[in-house]
Amino acid sequence: MAFMVKSMVGGQLKNLTGGLGGEEKSEGEKTPAEAQGMTREEYEEYQRQLVEEKMERDAQFAQRKAERATFRSHFRDKYRLPKNETDDNQIQLVGGDVELPKELAKMIEQDNEEEEEKNSVIGQLSNIQNLDLDSLKDKASATLEDLKQSAEKCSVM
């Protein structure tokens, strides 16, 4: 019973006094530095290093997000899709000038080469069904050689 009265009155008495008057630390209550077995200076240096590492990780993460946003915006431009403001914001957040990673740039370059090939005349002809390009090339070269031979035989020229 005495314990209950002491805990109730003692707790309220501490609240009234604001915790003033020599608080005693028990063995279980240690500062964070003491708990990890470091001095205060070592602990502060450790905390600074943690903050710096977190900032570096956040910067790298933001850079990767901006690279992906650049990649998506490239394909949106290519296929004439509507732009996305969040991608633009991510690119601006990093500084606006984002280079694509080598693998992504290589993929885009290959895609552009394939597109140029499809847009060429031979690429358009290959889309036509039942057309053998090899035989067409052979016929064209044979016709050119026939024209050259007939030009050599012609006495007017």
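Biologist: What should helix 3 (residues 40-78) span, and how far apart are its end C-alpha atoms?

Modeller: The expected span is 1.5 Å times one less than the number of residues. For the 39 residues of helix 3 that gives 57 Å, and the end C-alpha atoms are 57 Å apart, so the two agree. Helices here are DSSP runs (H or I, at least four residues), numbered from the N terminus. One caution: this is a predicted model, where local features need pLDDT of at least 70 and side-chain atom pairs count only at pLDDT 80 or more, while totals for chains, interfaces and linings use all residues. Residues are numbered from 1 along each chain as its sequence is written, and side-chain values use heavy atoms, with hydrogens and water left out.

Biologist: Is threonine 70 buried or exposed, and how do you know?

Modeller: Buried means under 20% relative accessible area, exposed over 50%, and partly exposed in between (1.4 Å probe, protein chains only). Threonine 70 has 17%, so it is buried. This residue sits in helix 3, and other buried residues there include Tyr43, Phe71 and Lys78.

Biologist: What does threonine 70 touch?

Modeller: Leaving out residues up to four places away in sequence, threonine 70 touches Ile91, Val98 and Leu100. Contact means heavy atoms within 4.5 Å. A polar atom of the threonine 70 side chain also lies 2.9 Å from the backbone oxygen of alanine 66.

Biologist: What covers the buried residues of helix 3?

Modeller: The cover includes helix 2 (32-35), helix 4 (85-94) and helix 5 (102-119).

Biologist: At what angle do helix 3 and helix 5 pack?

Modeller: That angle is about 10°, with the axes 11 Å apart. So helix 3 is roughly parallel to helix 5. Phe71, His74, Phe75 and Lys78 of helix 3 make the contact with Leu104, Met107, Ile108, Asp111, Asn112 and Glu115 of helix 5.

Biologist: Why is aspartate 111 called buried?

Modeller: Aspartate 111 has a relative accessible area of 19%, so it counts as buried. This helix 5 residue touches Phe75, Lys78 and Tyr79, again leaving out residues up to four places away in sequence.

Biologist: What value does phi of arginine 80 take?

Modeller: Phi is near 55°, a positive value in a residue other than glycine.

Biologist: How far from glutamine 63 is glycine 95, going by C-alpha atoms?

Modeller: Those C-alpha atoms are separated by 9.4 Å, with the residues 32 apart along the chain.

Note on methods: Helices (H or I, at least four residues) and strands (E, at least two) are DSSP runs, numbered from the N terminus. A polar contact is a pair of N or O atoms within 3.5 Å; within protein, one must be able to donate a hydrogen and the other to accept it, and residues adjacent in sequence count only if both atoms are side-chain atoms. Axes are lines fitted to C-alpha atoms, for helices over the stretch in contact, and angles run from 0 to 180 degrees between N-to-C directions. Angles under 35 degrees count as roughly parallel, over 145 as roughly antiparallel, 65 to 115 as roughly perpendicular and the rest as oblique.
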